[in-house]
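I opened a notebook for this structure and wrote down what I looked up, entry by entry. The sequence and the structure come before the entries.

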There are 2 protein chains.
Amino acid sequence: MSGSGSRPSGARERLVVIGGDAAGMSAASQARRLKGPDELEIVAFERGHFTSYSACGIPYWVSGAVPERDALIARTPEEHRARGIDLRLRTEVVEIDVARQRVRARDAGSGAESWTSYDKLVIATGARPLAPELPGVGAQGVHGVQTLDDGQALLDTLSHTRGRRAVVVGAGYIGVEMAEAMLQRGYQVTVVNRGEEPMATLDPDMGRLVREAMAGMGVTMVNGAEVTKVLTGDDGRVRAVGTEDAEFPADVVILGIGVRPETTLARAAGLPLGAHGGLLTDRSMRVRGHENIWAGGDCVEVLDLVLGQERYLPLGTHANKHGQIIGANLAGGYATFPGVVGTAVSKVCDLEIARTGLREKDARRAGLQYVTATIESTNRAGYYPNASPMTVKMLAERRTGRLLGVQIVGREGAGKRVDIAAVALTAGMTVDRMTTLDLGYAPPFSPVWDPVLVAARKASRAVEQHR
Amino acid sequence: MSGSGSRPSGARERLVVIGGDAAGMSAASQARRLKGPDELEIVAFERGHFTSYSACGIPYWVSGAVPERDALIARTPEEHRARGIDLRLRTEVVEIDVARQRVRARDAGSGAESWTSYDKLVIATGARPLAPELPGVGAQGVHGVQTLDDGQALLDTLSHTRGRRAVVVGAGYIGVEMAEAMLQRGYQVTVVNRGEEPMATLDPDMGRLVREAMAGMGVTMVNGAEVTKVLTGDDGRVRAVGTEDAEFPADVVILGIGVRPETTLARAAGLPLGAHGGLLTDRSMRVRGHENIWAGGDCVEVLDLVLGQERYLPLGTHANKHGQIIGANLAGGYATFPGVVGTAVSKVCDLEIARTGLREKDARRAGLQYVTATIESTNRAGYYPNASPMTVKMLAERRTGRLLGVQIVGREGAGKRVDIAAVALTAGMTVDRMTTLDLGYAPPFSPVWDPVLVAARKASRAVEQHR
């Protein structure tokens, strides 16, 4: 074993970044923007082939809407290197030695290992799939869609597969987006989902609207069904997905079943992990109790501002923010990540699905008493051409009337309306205050009472009645 | 003169409403919902032919997008009457006698007048056009678009006019929406505008983007030009619009030049008016100093929560809120209108224009020191199909970093993004806090950094630099 094991000398500090995607490379780039190579050396390790890409864009690349893989890459390894970042691709960090401030990395090609010391460390190891230990899951034609490599492998399979039957396992946002992608490619799509309704990030009454809309698009929705095995043909290729009761023939299977924090290294190094297995940080994104270690992206837990507790919410938009904040702080600036309210938005064909804050289940678990209000309205004035329906569900705390959460299912213009609620949650607003929010109105954009205001009025009356 | 001049007796109170549009009839309907006819008699006077219609929808009716006038009517006179509201159309209130709690009304047909006493009064007299006392403004073919009657008269003109040259006077939201309407109908459209740029509700640098986009749509934009006369042919019909320097041939002229509060009655009755000529109310929408008189809609001034001063902002969305609040209060409930932040959104063909809070001019006048940040981004992830550009300008207070205003010009998805800023303004948020707002992200809806977040980051840096 060789390596740059000795501590860097003099004024120049060394920053080591583990993980070359959104959080890690945003941190590195931001730090580089603020400190030149004469002040700060930056070494970044990435075990895959790519850096700084939009994993969220993979469904649209698979569908064909985004024609080229490279469009998803925000910044290539060469661009990072041109900015003075010593980027080591296909190199996996296999140990963090906190006491001696160094990491051990292994070159995927040669298998050679070496130590690199650091003054400051950023852990951005991301997430790994909650891959069920299913019999047959390794069969040809079974694909996850977490990474660009995954997406490329899926596209390779599709290019040489004759059959047109796709089974998507899971009906969270990845599952429904992949269902759209496969519909767009002309596949017969079956979604097999453990929950009673798709989109478990919504309450079941709102998930039902998604199920009905997807069935209307021609997707076969199988809910309340746990996949127990993948069945393989004599050629080693997938031929079906099996549940307790049934088999669903498949020429290709896509696993859209969520992820958990990739914190194997952090755990081995004795760094603090939360109840969901993610790293715990302070508001400056520094790992708790460690002056010179930061962490961000899909490997950390985030503070839920509505619950007042940490949650695991791996989303690219948080990872990018974390990276910026870490980069500013480790270059001697000051920035904080106050937390999240749990906003997410997805699209399946023309159906828009959005949520923020707490579901009924979350509120109950947290000991919060609440009222709900569900309303139907339209995205434009009712008389305006192509006005389409929208359902808004709102949760408010009993007695205080504080907004707790909003879920929206509709068509064009429905999804991003959730931002109104996201800001209101951040501000701790009551639903009564929300009834008079001065939102943009013109007939092409909204009824004279925006659907969010209509929901707030109904929720406010419910608070009044259950005070 | 005859009339129900004696005070109503016993337990049953009488509510009189002056004005049958959004604010007045919302108040009447809400009061009726809460109190039956045995408790509350409701008499409503409307000088026109229609009730409860969407004046904001007139451009879309004129363009043909909304095929029928009646689609704009939310509730007909017959529907109001069926709910137990004594609605008197074509009947104009000509005097309010505050001391004796009665109003004098004149029947437009017979000219007969009578007094009606009230226990509670709602003034919802709306606005009247800032019609310039232009020579020739009364010519055939010159139309305002304030009321349904105006819209009908314009459509009648269009149906028997051969020429295809339309001149729109004014480039505020009515002007630009009417420009779109006339384009849709196949007219050659010239907009003659006093200001240096269209949309004076924006700063000129943002108005420029609107001018350029409208020119690109084929609209002839004449800015910095005050209309001084309307020129008439021998047939009494309009033939051109004249400015100091030029004449613009016109087969039809549309006046889109704003309104002022219609408070002639209120002024004569000695009710309190503000600096902009609108009635002054308290937060419950009661006319200041008058226990039993409420006012709402386009005849009142509203508190601007950012400025801390009253402004005149006649918009249907405020009128509807006022009506609801008045109705609740006069039925013994409790509701308040906290004020506005000045949000408005408009569309010209596929261009979306939005603003909230203060312009630079407003901030300067109010003695506020500020920084600005203008950014360009896209409505979707850059790699997603049909991503289109969006410009966001943000104003923040110097030193405190408090958000002061946002202006947005872009295409699909640009306009309603202003709601994010509207809620943030309401909450008194700083631009620094806005940088980490948890807004909805997925590639079809937004870049990973929403354009509003990008603007907040730039504004936050500007605050830092000018602290």
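Entry 1, burial. I call a residue buried when its relative accessible area is under 20%, exposed when that area is over 50%, and partly exposed in between. The model I am reading is a predicted one. I began with B:Tyr53, whose relative accessible area is 14%, so I noted B:Tyr53 as buried. B:Phe50 has 13% and is buried too. B:Phe50 and B:Tyr53 form an aromatic pair, with 6.4 Å from centre to centre and 80 degrees between the planes, which is edge-to-face. Then I looked up B:Ser52, which sits in the loop between β3 (40-45) and α2 (58-63) of chain B. B:Ser52 is buried, at a relative accessible area of 12%. Its phi is positive, about 45 degrees, although B:Ser52 is not a glycine. I marked that value because most residues other than glycine have a negative phi.

How many aromatic pairs does the structure hold over all chains? I found four. In one of them, the ring centres of A:Tyr60 and B:Tyr384 are 5.1 Å apart and the planes stand at 75 degrees, so I wrote the pair down as edge-to-face. This pair crosses between chains: A:Tyr60 belongs to helix α2 (residues 58-63) of chain A, and B:Tyr384 to the loop between β24 (370-378) and β25 (389-397) of chain B. Are the two residues buried or exposed? A:Tyr60 has 2% relative accessibility and counts as buried. B:Tyr384 has 11% and also counts as buried.

I checked how chain A can be laid on chain B. A turn of 180 degrees with a shift of 0.0 Å along the axis does it, at an RMSD of 0.0 Å. I noted this as the relation of a two-fold axis. The same surface serves both copies, since 100% of the contact residues of chain A recur in chain B.

I traced an open sheet in chain A with the strand order β22-β23-β26-β25-β24 and antiparallel pairing. Which strands stand at the edges? They are β22 (344-348) and β24 (370-378) of chain A; each has a single partner strand, so one side of each is left without a neighbour in the sheet. Direction ignored, neighbouring strands of this sheet are turned by 10 degrees against each other on average. I followed β22(A) to strand β23 (residues 351-357) of chain A and found five bridges between them, in the antiparallel sense. At A:Val348, the bridge partner in β23(A) is A:Leu351. The loop between β22 and β23 of chain A contains A:Cys349. A:Cys349 has a positive phi of about 50 degrees and is not a glycine. At 23% relative accessibility, A:Cys349 counts as partly exposed.

Helix α12 (residues 451-465) of chain A lies across β24 and β25 (389-397) of chain A, and runs at about 150 degrees to β24(A). I then looked at the record: an unreviewed UniProt entry annotates residues 346-448 of chain A as "domain: Pyridine nucleotide-disulphide oxidoreductase dimerisation". The span 346-448 of chain A is 18% helix and 35% strand, and its end C-alpha atoms lie 26 Å apart.

In chain B I traced an open sheet with the order β14-β15-β16 and antiparallel pairing. Its edges are β14 (227-232) and β16 (247-249) of chain B, each with a single partner strand, so one side of each has no neighbour in the sheet. Neighbouring strands here are turned by 25 degrees against each other on average, direction ignored. Strand β15 (residues 238-243) of chain B is joined to β16(B) by three bridges, and the two run antiparallel. I noted B:Pro249 in β16(B) as the bridge partner of B:Ala240.

Where is B:Arg283 found? I located B:Arg283 in the loop between α7 (264-268) and β19 (293-295) of chain B. Its relative accessible area is 47%, so B:Arg283 is partly exposed. B:Thr336 is 53 residues away along the chain, and the C-alpha atoms of B:Arg283 and B:Thr336 are separated by 5.2 Å. Leaving aside neighbours within four places in sequence, I listed the contacts of B:Arg283 as B:Leu303, B:Ala335, B:Thr336, B:Phe337 and B:Pro338.

Terms used
Residues numbered from 1 in each chain as written. Chains lettered and ligands numbered in written order. Predicted model: local features only at pLDDT ≥ 70, side-chain atom pairs only at ≥ 80, totals over all residues. Heavy atoms only, no water. Pairing = 2+ DSSP bridges. Helix = DSSP H or I, 4+ residues; strand = E, 2+ residues; numbered from the N terminus. Axes fitted to C-alpha atoms, helices over the stretch in contact; angles between N-to-C directions. Contact = heavy atoms within 4.5 Å. UniProt positions renumbered as here; feature names shortened; annotations may be inferred. Least-squares fit on C-alpha atoms with pLDDT ≥ 70 in both. Phe/Tyr/Trp six-rings, centres within 6.5 Å; stacked < 30°, edge-to-face > 60°. Buried < 20%, exposed > 50% of the residue type's maximum accessible area, 1.4 Å probe, protein only.
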